[in-house]
Amino acid sequence: MTDPVFFTKIESLSLGHLAELVDAQLPDNADGSMLIDTVAPIDAAASGQITFLDNPKYVADLEKTEASAVLCAKRYVDKVPDGVVALEVKNPYLAFSQISAAFYPEALKPLAYFDSQGGISQAAHIHPSAKIEAGVCVEPGASVGALAEIGSGTTVGVNAVIGQGVRVGRDCHIGANCVLQHTLVGDRVILHPGVCSGQDGFGFSMSATGHQKVPQIGRVIIQDNVEIGANSTIDRGANRDTIIGEGTKIDNQVQIGHNVEVGRHCVLVSQVGLSGSSTLQDFVAIGGQSGVAGHITVGMGAQIAAVSVVKDDVPAGGRYGGVPAKPVKQWFREMSALKKLAEKKS
């Protein structure tokens with residue numbers, strides 16, 4: 001039994017074409033007509049394949065790679081073995097992603113789960129009042145509720161639920177077992193399996209006699225070109241909308257509370273938690289397993305190290321880490337001082 005191949009590769013591409021694709025200058029002695037078959041990791045690449053070096057940890061692998069070509073920064077060109085073409089680029093990882101996309105274009109978006117031919121399955125459940133444009137794929141077991149709207153080119157995966165009045169834009173992918181309620185989704189959005197959006201925010205008026213539920217009457221708005229990883233959850237707003245800004249990328253198992261505003265092109269790594277009414281301005285990046293307290297603002301372009309707790313506002317461009325989070329230089333000094341103190345005591 002042969003191993004299945006899940007992504008179809010296009011035919012070989014010339015080295016000259018790939019260099020042009022990533023805006024790299026071919027070395028004088030390189031043959032631009034040489035055919036490259038595919039991409040490969042640097043320690044496993046063989047003749048006819050292209051690889052890349054981005055992390056200095058793998059310089060030793062670069063020096064013995066058997067690839068036909070390698071994408072690397074200027075400082076590593078001299079370490080590329082004889083017979084291997086060095087394509088000098090400013091951002092090797094970006095260039096590698098562009099070339100990978102050229103070889104495997106269908107891998108840029110999740111494939112259908114059940115049938116690559118698409119269409120609306122007879123085993124799907126669609127309310128008569130739902131509006132579904134031509135070219136939508138609704139897979140077996142999926143449900144589309146009353147007055148919901150789905151744009152052309154969108155796939156609704158197996159057993160996904162598009163709730164009443166939910167609107168999903170064009171060229172989206174709604175993964176298997178996703179549940180969308182009270183949510184408006186833009187174009188070219190990818191939701192991986194198990195994403196839940198628009199459920200109640202966690203809002204209770206607590207007292208000595210019990211906890212009174214506060215009605216959550218807001219929505220979730222997911223703007224264009226957002227990608228959200230498997231089993232992440234986004235609560236709808238209490239009295240305003242929860243917003244996920246254009247181009248933001250969210251990893252698996254991220255929790256976003258009610259009334260949160262996430263700006264454009266933010267990056268949230270796995271197991272991040274954003275408490276209610278927190279605000280991330282544009283281009284914020286937060287490392288895995290970090291938490292952000294409620295009602296605070298993380299400024300534009302700020303970066304938060306993994307496993308940190310942000311309890312106060314972070315200025316634009318700030319680099320913070322630790323528990324509680326503080327400027328990284330201060331955090332490093334404190335850790336160094338504690339280490340020296342512990343060594344002295346022992």
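1. A word on terms to start: a residue is called buried when its relative accessible area is under 20%, exposed when over 50%, and partly exposed in between, using a 1.4 Å probe and protein chains only. By that scale R170, at 42% relative accessibility, counts as partly exposed.

2. Please keep in mind that this is a predicted model, in which local features need pLDDT of at least 70 and side-chain atom pairs count only at pLDDT 80 or more, while totals for chains, interfaces and linings use all residues. Residues are numbered from 1 along each chain as its sequence is written, and side-chain values use heavy atoms, with hydrogens and water left out.

3. Now the overall picture. The chain has 38 strands and four helices; these are DSSP runs numbered from the N terminus, with helices being H or I of at least four residues and strands being E of at least two. The C-alpha trace spans about 80 × 70 × 40 Å along its principal axes. Of the 346 residues, 42% are buried.

4. How many salt bridges does the structure hold? There are nine, each being a side-chain nitrogen of Lys or Arg within 4 Å of a carboxyl oxygen of Asp or Glu.

5. One of them joins E133 and R170, at 2.8 Å from N to O. E133 sits in the loop between β8 (131-132) and β9 (137-138), and R170 in the loop between β14 (167-168) and β15 (173-174), so this pair ties together parts 37 residues apart in sequence. Like R170, E133 is partly exposed, with a relative accessible area of 33%.

6. Another pairs D224 with R188, whose closest N and O atoms are 3.9 Å apart. Here the loop between β22 (220-222) and β23 (227-228) holds D224, and the loop between β17 (183-185) and β18 (190-191) holds R188, so parts 36 residues apart in sequence are tied together. D224 is partly exposed at 27% relative accessible area, and R188 is partly exposed at 42%.

7. E63 and K79 also meet through their side chains in a salt bridge (3.9 Å, N to O). This pair links distant parts of the chain, 16 residues apart: E63 is in the loop between α2 (59-62) and β5 (69-72), and K79 in the loop between β5 and β6 (85-88). Both are partly exposed, E63 at 43% relative accessible area and K79 at 38%.

8. Finally, have a look at D200, K213 and R236, which are linked in a network of salt bridges.
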